[in-house]
Amino acid sequence: MKDYPELRFGAGLADRPEHWPVSASEVVHETGRVISVRRDTIEPPGGTPFVRDVVVHPGAVGVVALDENNRMLLVRQYRHPVGHKLLEAPAGLLDVQGEQYRLGAERELWEETATKAADWRILVDAFTSPGLTDEAVRIFLARDLSPAEEAFERVAEEADMETVWAPLIDVVAAALAGQLQNPILIMGALATWTALNGPGFETLRPADSPWPAKDR
């Protein structure tokens, strides 16, 4: 086996920010809704310039809402682009100007499930498709759940959204069996299972920790 360098936690095992010069940039498509498409000409160090299209996205938050019996609160929502009704963790866009990330997660949990939580921590941060879009997602763990006093009036594909409970162990098993396909749900469930059966929830980052991918 080739002797590649070995990285360890706390010693190089981390993504690093890097920005290659852009000699030209233009918005080639503007939807007026969630996304736009930007075309950049990139100048790599010592290399030949190349062009890439970037889907510009506001980012998103997701919530693993876990009760005292280690059940996850899920919603089943129609997703037109993939032609499925997907089981998902509550999630949504960071489309409120200046809204703190945790508050966005609290809002989404309330809007989609009429639930609130007293204990919030960060599970994982991720780029959803870094070769195509700048979309970043932060997934929170929410515990100490209780019903909200008011419900949100849902519209469009959210109007008939179903809310269900599922044991975390079954969510993990279904994800590994290929029966669940929403990435926020999968990442969140696996991260929750790892923390629960490993170092524990107390080792997770505080809910208001910096998010370099979005705070740049």
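This note walks through a predicted model, point by point.

1. **Domains.** Contact between them involves five residues of domain 1 and four residues of domain 2.

2. **Main core.** The largest nonpolar core holds 26 residues. M72, L74, L123, L141, V171 and L185 have the most contacts inside this core. Two or more residues each come from β4 (60-65), β5 (71-79), β8 (115-127), β9 (136-147), α2 (168-176) and α3 (183-196). Helix α3 gives the largest share, five residues.

3. Another core lies apart from the largest one.

4. **L123 up close.** Look next at L123, one of the residues with the most contacts inside the largest core. Set aside its neighbours within four places in sequence. L123 is then in contact with V64, I139, F140, L141, G188, A191, T192, L204 and R205.

5. **The N70 loop.** N70 sits in the loop between β4 and β5. Phi of N70 is near 60 degrees, a positive value in a residue other than glycine. N70 counts as partly exposed because its relative accessibility is 29%, between the limits of 20% and 50%.

6. P167 belongs to strand β10 (residues 162-167). Not counting residues up to four places away in sequence, P167 touches N70 and R71. P167 and N69 are 98 residues apart in sequence, yet their C-alpha atoms are 7.8 Å apart in space. With a relative accessible area of 34%, P167 is partly exposed.

7. **A positive phi in a strand.** D144 is found in strand β9. Its phi is near 55 degrees, again a positive value in a residue other than glycine. D144 counts as exposed because its relative accessibility is 54%, and exposed starts over 50%.

8. The structure holds 18 salt bridges. One of them joins the side chains of D53 and R39, at 2.7 Å from N to O. The pair links distant parts of the chain: D53 is in strand β3 (residues 50-56) and R39 in strand β2 (residues 36-42), 14 residues apart. Both partners are partly exposed: D53 has 34% relative accessibility, and R39 has a relative accessible area of 35%.

9. R138 is in strand β9 and D125 in strand β8, 13 residues apart. D125 counts as partly exposed, at 30%.

10. **A salt-bridge network.** Salt bridges that share partners join D95, E99, R107, E108 and E111 into one network. Within that group, R107 forms a salt bridge with E108, and their closest N and O atoms are 3.0 Å apart. Both R107 and E108 are buried.

11. **A nonpolar surface patch.** L7, F9 and L13 make a nonpolar surface patch of about 390 Å². L7 lies in the segment before β1 (22-30). L7 counts as partly exposed because its relative accessibility is 47%, under the 50% limit for exposed.

Notes:
Residues are numbered from 1 along each chain as its sequence is written. This is a predicted model: local features need pLDDT of at least 70, side-chain atom pairs count only at pLDDT 80 or more; totals for chains, interfaces and linings use all residues. Side-chain values use heavy atoms; hydrogens and water are left out. A nonpolar core is a set of buried Ala, Val, Leu, Ile, Met, Phe, Trp, Tyr and Cys residues joined through side-chain atoms within 4.5 Å. Buried means under 20% relative accessible area, exposed over 50%, partly exposed in between (1.4 Å probe, protein chains only). Helices (H or I, at least four residues) and strands (E, at least two) are DSSP runs, numbered from the N terminus. Contact means heavy atoms within 4.5 Å. Patches are made of residues with over 30% relative accessible area and no salt bridge: like charges are joined within 9 Å, nonpolar side chains (Val, Leu, Ile, Met, Phe, Trp, Tyr) within 5 Å. Accessible areas come from the Shrake-Rupley method with a 1.4 Å probe; for residues, only the protein chains shown count as cover. A salt bridge is a side-chain nitrogen of Lys or Arg within 4 Å of a carboxyl oxygen of Asp or Glu.
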